[in-house]
Amino acid sequence: MDSDEFGVVKELLLQVMASDNEVRREAESKLTQVRQANFDKYFAYMVTALADLEFDGNCRSIALILLRKDANESEQEGQGIWSKISQETRDYVKPLILEVLGRETNEMMLGRVAELSAQIAVSINLCDHNDIWPELFEHCKQMVSEGSPIQMKTGLTVYGKAVITMSEQIIQDHEIFYNMLEFALKNEDITVAFASLQVISQLLCVLLPRDVPKFVGLLETMVKVPMRALKEAEYQIFEESMEEFTSMVDSEPKFFKNNFSDLLQVFGSMFEESENLNEALKKLPIEILITIAEREPRLLSNNENHCKHLLDMIFKLMIGIDEEVTEEWLDPSDPSQAEEENENDIVTFGRNIIDRLFSSLGEEILLPLGCNIIQQAISNDGWKYKNAGLSVFSQIAEYVNDIEDISSMIPVVIQHCKHDHPKVRYAALHCLGQFATDLSLPFIETYHTTLIPMIYDVLDDRVNRVKAHACAAITNFFECAPQEIGLQYCNKLFDKLFILIKSKSSDVAACAISSIASLSESLHEDFIPYFKSLCDELLPVISQQVPNEFRKFKGQAIESLTIAASSIGADHFKPHFEKVARALILIQKEHLDQIDDDPQKIYILNAWQRLCMLMSKEFAPVMPELMPEIFKMSCLQPMTSKDSSSISICEHLEEVKNLSDESTTEIKTTPLEETKAGIGMLSTFIEELEELYAPYVEKTSELFLSLLNCKYDDEVRTRIANSLPLMISAIKSHQKGLEGVLPYTEKFIPVLLEVIKEEVDTTLLQTQFKSIESCIEATGDFMSGEQVNQIGNIFLEEIVKSDKRKDVNLEYAREIDEEVDGLENENEDELQIVLSEAIGMLFKTHKGKCSNIVANLFDNFLPSYLNDAASFTKQKLGIYIINDVVEHVGLEILEEKYEECFHAFVKCSKNENPTIRQAGVYGIGVTLARSCKVQLFGKYSVDAIQTLKEAIEIDCGSQDSTEYGYAKDNAISALVKVMKHHHQSIDVESTFEFLLQHIPLKYDLVEAKFVNDFLADVALSNPSLIIGKDNQNIKQFVVLLGQICREDQMEHETMKKFGKILKSLSSDSYPNDQITEALDNLDQTSQHRIQSIIDLSTP
């Protein structure tokens, strides 16, 4: 190492701590230059500075922070820091880091060095899977077994952070590791015991299920850690210990399975001892037990006493609320804050816990127990018991199958709307509102005559919080109420609600305005007489600036106005559209603060979305003025990364001072909900406006592509992926050519493919590949043969990867000796179908450039998907792909593979599974029959007809009736396609006679329209084929017409054809007495249908 240059680096580290900003900035700049010029040297210098215990402590801290910053960034790049330095530097820094671990005396500094050491160990293992830096772990083992408490925690920190690299070594030496962890768990220093608990938590995340039982024996000692923390008043350690247990339950619930009874007792006693703790800590024991029950519901479903014990704990928690009711609760000055506090209080927690229990265990087990406890609680004179009972009762409505099961309790709830205590009145109103949502129409129709008058009276309650909740209950009620019930109460309620929206309480005003919106949704067009009054009341309110506490009210006023607009419909809203839009644009331009917590933003974004959906393309005139304002919003800025190559100490000065956790923020963040609303709005604009959105595509695509790989929200990424092809279509419709579209397609598809490389969510993968398929479809033929081959191979490789993930899921199921969660593999099946459709789109759009993909399919892919040993899903996927190949590629490319395809279709057409059978007959009918040359089809005709007849005559048996019906309908349609395109090669008369025995089609109405149009054409051109040479089938034909002459079975033109046929049947050439008899035997509906089509043919 260059000692002179290192001396300069040390001096720079001193200068970055200087009070003079200019000196500090200059030093940072020079350090950046050193780093960029030779990272290898720079890394060695930083480790050397860290290892120099005589050097300035703050400067050593700076060196450590910069080392960890580099390590973090390398991890995020997927490389690890070890890959960036030479072997010489690696050999140099290893002993220095071990030296620091052995000599450092500052506890916080030592903890950070331990974390850095673990990061390096993980990075070493990334570079060489056989190297786990054994010297480090041997050193740490010695620290745990022989060191001071500080050293023990340091060694455990390394194990915990690097456990992923050494899981195999741990299993090989599991007894040694077990003893080390147990030794640390029993240490008299609670912080050491907690550090050991953290290691076990990390270990359970990486162990294979078969290896987990090796450490179950530690559980008895593990649960003593939070017990000790509670007794020693180490409440932070108690909280963090319980969080570790929650994490362990999430990752490996079976670790606790055989000891659940003991855990219930231990955590139950913790709950009893937590009486004097804050509410957050009281929740923790219950949270862990519920989480175990969710993951292993049989632990409770098979033991009623466990259920009772847990329910008792929950109710004890809920009745532990404060006796005093604060003024802030009675009349909240900030409704948003009050709502947030309400979400976090112990009553809401208990209510949500009950909901989770019901969801996991089902109503059969819990409903009798729950109702018994609820009745006891509501019957108790204490208001806290009534409050708890009503709150829990509100949560179980969605699990009640028959409203009669709880009918005796509902009048009791209604009566409690008049209780003396405001929290009981509030709970009763919440209960009724929740019942309206969960039990919907049966509840509303049964109780509206009693319930609405009672809630109406509560609108005059002396407590604003209760009054606001009465409005909320009305909102719940009329969101589900039919129009006729809304009409009974609207006049009286509107009079009261229009008064309440002028309340000085922003909570009451906001809830009243939401109630009006709910009523408008119930009334639909009957709200028209009230809409002008609503505009007159609300437009002045939303057009002016308001105090902070009324911003949410203003947002809800915007929401209510636009919901009401949607309720009355576009035609009736048009006269008001301009003035409403002007008011919203004024807000957009002048009233929105560029701060994160302005509630108006999300309301106005949703309002624009709602109006666009209502007005569709008539919304376009506001776009030129609106869109520049939209693109200024902070939540809709392209997401960018900070420059990680430069060194800035300023953001780390606080950490240098106290060595607390450094910031890990790497991107400019925006409020999630606002961003979601904004993306949803823009997506709606794109869908509704189509080509009229083209002027805004460039700016939108920049934003969307920057957010496409952001992991914070699946909904955002889904909306964006779905919108990309719509933007291509908008540009194509606007510019009428490939030239304007191509730059966007060439940007979108590569970004989607990059995102897919890192995607782990199968549902999102489906969306992303569907987006690529739709981009290809919207653009058309734009790729070269090489590009088509590349992307086609990507699709095939993804199918293979998906198969491997399915195998892993099944292997995991075998490991834990339980059935695999079917949903994961069902999602994989759906993904494979999406991929097969994407391959089909390549065939459809780039027909002449697919020869290499086709060869790859038949040589390397399809053989394993269409053999008898293949699973159902593999066979289905294989036949789907062959269908696309034959339908879109054609003879020119397929050549000798054509016969192979035909035999595959025949084989699948005989499959006992209706889904595969449907794909097989589709292949014969739609692809071979339609695209095969007449001369070539001759050699297949006998087999094709025979196979289709056999498929049609297969008995339903135990098959799913709908799937069977679709398979049969497709077989009939395939037979018709063969007859239509290749009648020269078949016996038409006998085939037609067979066909008439099996129509009409009843399931696949798309195919039904095709078949019925074919019948009409044949009946016009050669009627004897249908009614028989001697008119023997004429009655059957009339009955058939009575069944099929309706809009879902045929197009308008087909109906006109049948009308002509019926007119011709009325001539003297046909036996009128038979026709009249057949018509007389039809029901009135069928007679009406036949008369309607006769009328169609009358000029």
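Phe531, Phe573, Phe577, Trp608, Phe619 and Phe685 are joined into a cluster by ring pairs. The model you are looking at is predicted, and it holds 32 aromatic pairs. Here is a short tour of its rings, the charges over them and its cysteines.

**Aromatic pairs**
- Phenylalanine 255 and phenylalanine 256 make an edge-to-face pair, with 5.3 Å centre to centre and 80° between the planes.
- Both phenylalanine 255 and phenylalanine 256 are buried.
- For phenylalanine 477 and phenylalanine 478, the ring centres are 5.2 Å apart and the planes meet at 70°, so this pair is edge-to-face too.
- Phenylalanine 477 and phenylalanine 478 are likewise both buried.

**Charges over rings**
- Lysine 874 places its charged end over the ring of tyrosine 865, 5.0 Å from the ring's centre.
- Over the face of phenylalanine 1010 you will find lysine 977, at 4.2 Å from the ring centre.

**Cysteines**
- The disulfide count comes to zero, where a disulfide would need two cysteine sulfur atoms within 2.5 Å.
- Cysteine 205 has its closest cysteine sulfur in cysteine 140, and because the two sulfurs are 20 Å apart, they are too far for a bond.
- Cysteine 205 counts as partly exposed because its relative accessibility is 44%.
- Cysteine 307 is in no disulfide either: the nearest cysteine sulfur belongs to cysteine 371 and is 14 Å away.
- With 2% relative accessibility, cysteine 307 counts as buried.

Definitions and conventions:
Residues numbered from 1 in each chain as written. Predicted model: local features only at pLDDT ≥ 70, side-chain atom pairs only at ≥ 80, totals over all residues. Heavy atoms only, no water. Phe/Tyr/Trp six-rings, centres within 6.5 Å; stacked < 30°, edge-to-face > 60°. Buried < 20%, exposed > 50% of the residue type's maximum accessible area, 1.4 Å probe, protein only. Lys NZ or Arg CZ within 6 Å of the ring centre and 35° of its normal.
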